[in-house]
Amino acid sequence: MNREIAVVAFAQTDHRRTSEELSEVEMLMPVLHQVLAQTGLKTSDIGFTCSGSSDYLAGRAFSFTLALDGVGAWPPISESHVEMDGAWALYEAWTKLLTGDADTALVYSYGKSSPGPLRDVLTRQLDPYYLAPLWPDAVALAALQARALMDAGHTDEPALAAVAARSRGDAEANPHAQLRGPVPHGEYVVHPLRTGDCPPLGDGAAAVLLAAGERARELCERPAWIRGVDHRIEAHSLGVRDLTDSPSARLAAERAGAFERPVDTAELHAPFTSQEVVLRRALRLGDDVRVNPSGGALAANPVMAAGLIRVGEAAARIHRGDCDRALAHATSGPCLQQNLVAVLEGDPR
Amino acid sequence: MPDVLKAPLVVEFPFTRSLGPVQSAFLTGLRERVVLGVRTGDGRTLVPPVEYDPVTAQEIRDLVEVAPTGTVTTWAWNPAPRRDQPLATAFAWVLVRLDGADTALLHALDAPGPDAVRTGMRVRVRWAAERVGAITDIACFEPYHDAPAATAAAGAPRHDGVFDDPVTGITAAARLDYTYSPGRAQTGYLNALTEHRNVGERCPSCRKVYVPPRGACPTCGVATSEQVDVGPHGTVTTFCIVNIKAKNLDIDVPYVYAHIALDGADLALHGRIGGIPYDQVRMGLRVEPVWTPGARHPDHYRPTGEPDAHYDTYRELL
C-alpha cells in the first residue's frame with residue numbers, strides 16, 4: 001500500500017537541567033496538548049499512539065504506563081511503546097499508518113536524566129559480559145571514537161570546538177534549548193573531549209503528530225511528507241567496528257532515499273561534536289547543507305527524546321517554509337551504534 | 001509551590017547470566033591467564049570472542065589462543081574514574097588488538113598520564129590477583145616495551161577451550177543511585193499525609209477525584225489541579241485474605257488487604273484492614289485510618305462501627 005504520511009505537528013518542552021518539581025507525566029502533558037491544539041484533534045480522534053522512553057533514566061519502573069495518563073487512554077486506545085528514542089516510536093507509527101490501519105498517529109517521548117547518574121546509567125545498555133562490568137561511560141566511549149577520528153586525520157580539537165560553538169550559536173534562535181550562546185569549551189571530561197564537546201544533561205519531552213494523505217493536508221498548511229525512514233544497527237562489540245565511519249547511518253540514509261536528491265537541511269542527532277564529523281562524512285553532507293539549525297543535541301539532549309526532536313525540528317522548518325527537503329537522523333547506543341534516517345519534504349512552493 | 005520533596009532511591013540488581021560455550025571458554029581462560037579468541041568464517045580472529053559470526057550469523061566454535069600482549073588502536077584519558085570503573089586513579093580507556101587477534105578489546109590502561117599514551121603503543125595484560133572467570137580478571141593493561149610476538153604473523157595456535165571446573169555463568173552486580181522526586185501532585189498528597197489528611201485531585205473535565213493523585217486524569221488526559229480533601233472514612237470495595245507471610249514484614253497472617261474507597265474519592269486505594277477478625281471483613285465495611293506516630297502513611301484501616309455501605313454506593317468504584 002502506497003500512502004503518503006506526513007508530520008503535521010510538533011511540540012517540545014523547554015529543556016532544563018532538572019524538572020524535579022514535575023513528575024514525568026506532568027512534564028509530558030503540555031506537549032501532548034500542544035500538538036493536539038495545533039491540529040484541533042482530540043485524543044479520541046487519534047488512530048494510533050506510540051511512545052519512546054527508558055525507565056532506567058529516572059529509575060522508575062513502568063514509568064511509561066504512568067505517562068499514558070497524560071494521553072487519556074480510556075476507553076482503551078491503540079497504543080505501543082518502545083524502550084528507545086522516540087524516533088523509533090515514530091518509525092513504528094509510520095509503519096502502522098502505511099498499513100492503512102490508522103490515519104493519524106500521536107508519537108511522543110520523554111526523558112528525565114536529572115534524577116540519576118546518566119553516565120553510569122547508560123553503561124547498563126552495553127554487552128553485559130565483556131563491557132558492562134567495566135562501567136565504560138558514554139563520554140569515555142565517545143572519546144575513544146574522537147581519538148580514532150583524530151588519528152585518522154578527519155578532525156582535531158579546534159574543529160570540534162568550532163562544531164560546539166556553531167551549535168550553541170544557532171541555538172540562540174531556539175527558545176527551547178538548554179545551552180545557547182557562547183559556552184566555555186572547558187576542561188577535558190575524558191581526553192580528547194572537553195565539556196564543550198559533550199551535550200548538556202537535562203530533562204525534556206517532545207511530541208509529533210503524523211497523518212496520512214488528505215488528512216494531513218486538512219490538519220497542516222504545509223505538511224512535512226515523510227519520503228522514507230530506515231534504521232540500521234552495527235555490531236555491539238566496539239572492537240569490531242571502524243569507529244571513524246558509520247556504515248549503518250549511510251545505509252539507513254540510502255534506504256530512506258536521502259541520496260536520490262540533495263537535502264537543504266539536516267538535523268543530526270550527534271550528542272558529541274566528534275559524532276557530527278562522522279555523520280557528515282557518512283551521510284555525504286556538503287557545506288551547502290544547513291546542519292542543525294536548532295543547535296542539535298549539543299544544545300539540548302533529553303535522552304530518549306533528542307532523536308524525535310530532530311525529526312520534529314526538520315518538520316517544523318518545512319511547516320514554516322524555511323526548508324523544502326530535510327534529512328533527520330537519530331542515534332542510539334554507544335558511538336553511533338544504531339542509526340535512523342528520515343527524509344522529509346514539503347510540497348513545491 | 002512548596003519545597004520539592006526528594007528522597008534517595010537505590011536500584012540494585014545482581015543479574016545472574018549463563019554463558020554460551022565460547023564465552024565460557026574465554027572467561028574460564030582469563031581465570032587461568034589464557035586469552036582465547038574465536039575464528040570466523042572469513043578467517044578473522046575475534047577477541048573478545050562471540051558465539052555467532054558477526055557477518056554470517058553462523059555458530060562459531062574454533063578457538064585459538066592469542067597473546068597477552070597487544071597494540072592500542074585508540075585511547076581516551078579518564079582523569080576522574082567513576083565508582084565501579086577498573087582503576088581508582090586516573091587511567092586511559094583503550095581498545096587493544098592483542099597479538100594474534102583481528103579485533104580489539106576494551107579495557108583500562110594504567111599509565112602515568114595522557115602524555116604516556118598513544119595509538120600504536122605496545123601493552124600487556126596485568127592479571128588480577130584473584131580471578132573468578134570474568135572480564136575483570138584482567139585488572140588492566142600496562143605499557144610494555146617489546147616487538148609484537150611471533151604469533152601475530154604465524155597465526156594464533158588452536159585451543160580446545162577445555163579447562164577444569166569451567167565457568168558457566170556470571171553474576172553481574174549493578175547499583176545505580178537516584179534522587180527520587182515525586183512531582184507536583186504527589187508532593188501535595190505526601191505533604192497532606194504528614195498532617196494525617198488524605199487529599200485527592202479533581203479532574204476539571206469529568207469531575208472525578210483521584211486518590212492518590214498522579215497529576216493527570218487517565219480518562220481525559222488533562223491535568224488535575226483542584227485539591228480535594230477525602231475521607232477520613234471509607235468503604236471496603238473488595239478485599240483478599242493474605243496467608244503467606246512476606247519477607248521482612250512484621251504482620252501475622254492471615255490478614256486482610258483491601259481496596260478502600262475513601263469518602264469523596266472516585267478511585268479506591270489499598271490498605272490493610274485490622275481491628276476485626278480476618279474472616280469478618282466484608283464488602284461494604286466502613287473503615288477509618290489508624291495512624292502510628294511518625295508514620296507517613298496510615299498503618300492500617302479499622303472498622304468505624306457505622307452500618308455497612310449499600311452496594312450501589314460503591315459499585316462504580318470496584
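Start by selecting strand 6 (residues 69-78) and strand 9 (residues 122-127) of chain B, which pair in the antiparallel sense over 3 bridges. Strands (E, at least two residues) and helices (H or I, at least four) are DSSP runs numbered from the N terminus, and two strands pair if DSSP finds at least two bridges between them. This is a predicted model: local features need pLDDT of at least 70, side-chain atom pairs count only at pLDDT 80 or more, and totals for chains, interfaces and linings use all residues. Residues are numbered from 1 along each chain as its sequence is written, while chains are lettered from A and ligands numbered from 1 in the order in which they are written.

Show B:Thr69 and, opposite in strand 9 of chain B, B:Arg124. Of the 10 residues of strand 6 of chain B, 10 are buried (20 or more other C-beta atoms within 10 Å of the residue's own, C-beta atoms being placed from the backbone).

Move to the open sheet of 3 strands in chain B, ordered 14-13-15 with antiparallel pairing. Its edges are strand 14 (209-210) and strand 15 (226-230) of chain B, each pairing on one side only. Strand 13 (residues 198-202) of chain B meets strand 15 of chain B through 5 bridges; select B:Val199 to find B:Asp229 opposite.

Now select helix 1 of chain A. At 1.5 Å a residue, its 16 residues should span 22 Å, and the end C-alpha atoms are 24 Å apart, which agrees; the expected span is 1.5 Å times one less than the number of residues. Its buried residues include A:Met27, A:Leu28, A:Val31 and A:Leu32. The buried residues of this helix pack against several elements, among them strand 1 (5-12) and strand 4 (104-112) of chain A, and helix 3 of chain B. Just after the helix, A:Gly40 takes a positive phi of about 75 degrees.

Finish at the contact between the chains, which takes 50 residues from chain A and 56 residues from chain B; two residues are in contact if their C-beta atoms, placed from the backbone, lie within 7 Å. On the side of chain A that touches chain B, helix 6 of chain A gives the largest share, 6 residues.

Methods. Buried ≥ 20, exposed ≤ 12 C-beta atoms within 10 Å, placed from the backbone.
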